[in-house]
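These are my notebook entries on one chain of the structure shown below. I went from a pair of helices to a few single residues and then to the chain as a whole.

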Amino acid sequence: MSADPISTEPVSTSSHILGPVDQIPFGEGRAFGVDGEQVAVFRLRDGTLRALSAVCPHRGGPIADGTIDREVVMCPLHQHAFSLETGCSSTGAEPLRTYSVQEDAEQNIVLKYPHIRGNSLA
Amino acid sequence: MTSVLDRPQGRHAGAAPRRRLVVVGNGMAGARAVEEILARGGAEQFTITMFGDEPYGNYNRIMLSHVLSGEESDADIFLNALPWYRENSITLHAGVRVDRIDKFTKHVFSNDGRVTPYDTLIIATGSRSHMPPMDGLYTPGGSVKHGVFGFRTIDDTRRMVQHAQQEHHRRAVVIGGGLLGLEAAYGLKSHGIDVEVVHSGGHLMNAQMGPDGGAVLRRSVEALGIRVHTSSRTTAVLGSDMVSGVSLRDREDIACDMVVVAAGIRPNVDVAVLSGLPVERAIVVDDRLRVQDEDDIYAVGECVQHRGEVYGLVAPLWEQAVVLANHVTGVDTSAAYLGSRTATKLKVAGVDVASMGLHGPEFDTDEHIVFSEPSRGIFKSIVVRDNKMVGATLLGDSRKVAYLTQAYDRGLPLPDERIALMFDVGGPGEAVGVAELDDGAQVCNCNGVSKKALVDAVKGGCSTVSGAMDATRAGKGCGSCKLLVRQVVEWAADGAVEEDPAASYYVPGIPLDKPALMAAIRKQGLRSVSQVFTALAPGSAEDAKSKMGLASLLKMMLADRYIDERDARFINDRVHANIQRDGTFSVVPQMKGGVTSVQQLRRIADVAEKHNVPLIKLTGGQRIDLLGIPKEDLPQVWADLDMPSGYAYGKSFRTVKTCVGKDFCRYGTGDSTKLGIEIESRFQGIESPAKLKLAVSGCPRNCAESLVKDVGVVAVEGGRWELYVGGAAGAHIRKGDLLATVDHPEEVKVLTGRFMQYYREQANWLERTYSFVPRVGIEHLRAVIVEDSEGVAAQLDAAMQASVDSYVDPWSERDDPLTPGQFRTSLPLTVLPQVPVR
């Protein structure tokens, strides 16, 4: 379940600036509340960002506390693994939702957030 | 200790009252029936209560032979451990036996004095080892003589292993040359015991195969060094207090230290007989699995007689459970059990054995196709009637099993060239058998995985057998289907299946075993986890699953020269607390040797009050656990506590449990409290391949439970101290092995440190000492650690000292987070699942 490509949904997508990228250490994740949703943003060791829904579909585990590599995040509660790219689980769990995320010129995290439920608080 | 007690969810107001389902028996049949009932929405219809004779969750009895041989730990064979019952709101009375059923008032009476009402009852009492009549089996007191074992339960198996591991026990006799007897013989052989099998039948496994197959099997078994006596009956067990041998009819006595009776099983029908239910060979049931003439009582499994048949295999039990569940839940009231065609497919004593239907021809018109190659241990026999397969025996080569099983089950038409049933003549090999399987055919019966599910996993990119097993959970149950799983995966991958050598790797992401990995790290001077990935991982790829193990290894090897990268740590080690099921954390301040003070208690109470700690709990390691602390509050909680971390998280040295010792106790012979505190002070925070829990007891009464700790110390008379290693009392239970007896507490500390360092250097990642110690052997450990036979003692001591010297209380960083947002919440906005607050 991927939210890409963002450019084809101009009407239903909004951008959120989540603040400076250096609030996330390399190789770790942090959780952000966006539009009433929890989003886990990860900063890979190469500096690129990935964003996924922050709640493990298995038992509600905090995905942002997971251990990552370049491909996957592992939920800390029961070690379910999810692709950082697609959100799909390689361990049989339901997939996580993915978001498009980038760093802008001011080194801020920019999350593209599709309004699938039309409940934007912005 | 970190577990949080749960309690059943509250009932929905206004819901219809649930019927009471009581299940007598918590083995494979009882639990499977309940699983099938739950799968049909049974949780909405019933409040479920289960009684089990054994004090455990339910486990896979078939795998006991693997536990005996040491291929699996007993923790690995549980199908549903205790949390499963909690999660499904099932009340389990484990270790409680049901004595009687009152079918008129609908109550069950159990031996704990409990009277339990039911609306629907399921009897799944299984069977027990049959002890054939022979002299000397029992002591005058009526119990089985010491050294005589059945082979039926996890406790039987543990006792056999324990007995076999005692040094002066060298010889065993197994009575019974069937499947179970051969498994027992093979398992004991792997403990270095001389084994002889005494079998009353004319050939081995006579229930599953004919004499020719039995002869080939005998050759294979004898090649393992197991002696076999067929057509022979044991008439007496010799020895007064202990077993000293057996007497045979027509043959000389055999001297031995243990006797395993594997002469078949008998259904457990006592409860049914006593309660006035119809019992012939077993409890008589109809096609709905309902006990004859009873409306509300069902029975399932080995305690059941259906259409005159009693089954002792797993497959019929699965089929029965489905039919029973359909009726009990009302999902399909037309379901009928019409009996099972039984096929056995197993590795017996290391030999592949498959058997189904007839062993040999019965009518003149039956075709019998036989191939025998005894020198290679291969034998194949197929019986054909009216162009349908009615029986087969395969020994030593099970490549055609998948196809033959299906041909047998479904009566498929057979090829004109019968030899194609046994061999792939000019065909593309073993894949044919798999290719012919239906998509819907169930490959793994434990987890209900179909051929299609496995094929889909392979198509989805799982190109190794273990990968496909992980993705589908196939083969994760009893494991008897692993061969077939491998065949299906290889077929689906069309030859592109990758070998999975990862089993020997220290961590999955680096293709090196521990010694080679350590050597490479030393040689290249690597000092951080990311450096290790860059230098040693294929494609320099990071691997999330490998990070924690590498971080631990590097810290152990390098002490203060280790470059600590926080992303390599598990969340517990990033915030120095233990993550709980709701994403909050538990905080355990250090309390050395379980000793505390007024000031500490007051401070802990104040902190708990100030932070509204939802649960305060004493741990099994004699400390106080503050549960339910949000991550963002951790620094303040620790600042308010102003105590060092108790390391109740992570793979490291944790705690030293102590008893009161000699100052107060009337029996204490040594100052266990003082020594416990000294050990805990010395080794605090030391990383290791798995957690380490220690104990010191002041006298052999062992109030600190030292015999079941990773390292346990016991003071004995004369000012001496015994050191035990490799004990455990968790999911796995093991009494530690005596490493040494020493004269002085200082020697205890030296040997403890040396053992821990050796374990840190040699053990596999996540290998607890209860696996490590038996793997390397206590004699070897004694030689290296106590006698310094390899001359490495000084090195081990120095390495441990370096680790001790580099200890820093992790909570010293509480005022100055090491990474941005280190203690920022990761909780969902709506917290789920909620942990109940007491």
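Predicted model: local features only at pLDDT ≥ 70, side-chain atom pairs only at ≥ 80, totals over all residues.

From α23(B) I noted B:Val750, B:Gly753, B:Arg754, B:Met756, B:Gln757, B:Tyr758, B:Arg760 and B:Glu761, and from α26(B) I noted B:Ala793, B:Leu796, B:Asp797, B:Ala799, B:Met800 and B:Ser803. Sorted by class, the contact of α23(B) with α26(B) has seven nonpolar, three polar and four charged residues.

Entry on α26(B). I checked its length and found that its 13 residues reach 18 Å from the first C-alpha to the last, close to the 18 Å expected at 1.5 Å a residue. Which residues of α26(B) are buried? I found B:Ala793, B:Leu796, B:Met800, B:Ser803 and B:Val804 to be buried, and because they cover an arc of only 100° around the axis, they lie on the same side of α26(B). On the other side of this helix I found B:Ala794, B:Gln795 and B:Asp805 exposed. I also looked up what the buried residues of α26(B) pack against, and wrote down α18 (544-558), α22 (672-683) and α23 of chain B.

Entry on B:Gly245. I placed this glycine in strand β16 (residues 245-248) of chain B. Is B:Gly245 buried or exposed? Its relative accessible area is 0%, so I recorded B:Gly245 as buried. Leaving aside its neighbours within four places in sequence, I found B:Gly245 in contact with B:Ala236, B:Val237, B:Leu238, B:Ile254, B:Ala255 and B:Cys256. I also took the separation of the C-alpha atoms of B:Gly245 and B:Val259, which are 14 residues apart along the chain, and it comes to 8.0 Å.

Entry on two loop residues. I looked at B:Asn612, whose phi is near 50°, a positive value in a residue other than glycine; it lies in the loop between α20 (598-610) and β32 (615-618) of chain B. Its relative accessible area is 63%, so B:Asn612 is exposed. I found a positive phi at B:Gln622 too, near 65° and again in a residue other than glycine, and I located B:Gln622 in the loop between β32 and β33 (624-629) of chain B. With 26% relative accessibility, B:Gln622 counts as partly exposed.

Entry on the whole chain. I counted 26 helices and 40 strands in chain B, and of its 838 residues 53% count as buried. Among contacts in chain B between residues at least 6 apart in sequence, I noted that 62% join residues at least 24 apart.

Notes. Residues numbered from 1 in each chain as written. Chains lettered and ligands numbered in written order. Heavy atoms only, no water. Contact = heavy atoms within 4.5 Å. Helix = DSSP H or I, 4+ residues; strand = E, 2+ residues; numbered from the N terminus. Nonpolar A, V, L, I, M, F, W, Y, C, P; charged D, E, K, R; others polar. Expected span 1.5 Å × (residues − 1). Buried < 20%, exposed > 50% of the residue type's maximum accessible area, 1.4 Å probe, protein only. Arc of directions from axis to C-beta.
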